[in-house]
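Thanks for coming. I have one structure to go through today, so let me put it up.

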Amino acid sequence: THSILTFFGNGTLTVPDTGETIDVTNNGTAILSSVTGTSFGRESFIAENGDSTAITFYEIVKNNPETIQTRGITTAVFDSNGTGTLAPFNGMIVIGLREEPPNEEGVTMTLWKWEDEIGN
């Protein structure tokens with residue numbers, strides 16, 4: 001009913017206030033429940049210049065067994081100890097969409113800053 005997944009990949013982070021894009025590699029671990037369609041995990045991001053940060057995330061996903069497609073929603077919070085170019089993400093809460101197309105390798109995640117008006 002539960003699985004542990006280790007993953008790695010690459011992507012781009014966009015700093016909300018400036019629009020600056022930062023290429024990153026990422027890796028992490030998640031615990032998945034096939035019963036509830038949920039996962040919880042930690043993911044590290046490393047920029048090309050060596051700056052780093054991490055997130056804790058929670059996902060709710062739904063699979064279509066006929067098409068082998070997975071879609072879901074994600075909430076996450078960045079650690080507050082990001083360094084250098086990734087420091088603008090410190091403490092940021094993000095929400096977004098997860099999509100895993102059928103018969104393709106990889107997952108696409110699009111995350112947006114949660115405007116909570118509380119501040120960091």
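Glutamate 43 is in strand β3, which covers residues 38–47; strands here are DSSP E runs of at least two residues, numbered from the N terminus. Two remarks on where the values come from: this is a predicted model, local features need pLDDT of at least 70, side-chain atom pairs count only at pLDDT 80 or more, and totals for chains, interfaces and linings use all residues. Residues are numbered from 1 along each chain as its sequence is written, and side-chain values use heavy atoms, with hydrogens and water left out.

What glutamate 43 does have is a side-chain polar contact with the side chain of asparagine 26, at 2.4 Å. A polar contact is a pair of N or O atoms within 3.5 Å; within protein, one must be able to donate a hydrogen and the other to accept it, and residues adjacent in sequence count only if both atoms are side-chain atoms. Leaving out residues up to four places away in sequence, glutamate 43 touches Asn26, Phe7 and Phe57, among others, with contact meaning heavy atoms within 4.5 Å.

Now the sheet. It is open, with 7 strands in the order β1-β2-β3-β4-β5-β6-β7 and antiparallel pairing; two strands pair if DSSP finds at least two bridges between them. The edge strands, β1 (2–14) and β7 (108–113), each pair on one side only.

β3 pairs with β2 (residues 21–33) over 10 bridges, and isoleucine 31 stands opposite phenylalanine 40. Their hairpin has 4 residues between the strands, and glycine 37 takes a positive phi near 70°. With β4 (residues 52–64), β3 pairs over 9 bridges. That hairpin also has 4 residues between its strands, with glycine 50 in the turn at a positive phi of about 95°.

Last, threonine 12, in strand β1. Threonine 12 counts as partly exposed because its relative accessibility is 49%. Its side chain makes a polar contact with the side chain of aspartate 23, at 3.4 Å.

Technical notes. Buried < 20%, exposed > 50% of the residue type's maximum accessible area, 1.4 Å probe, protein only.
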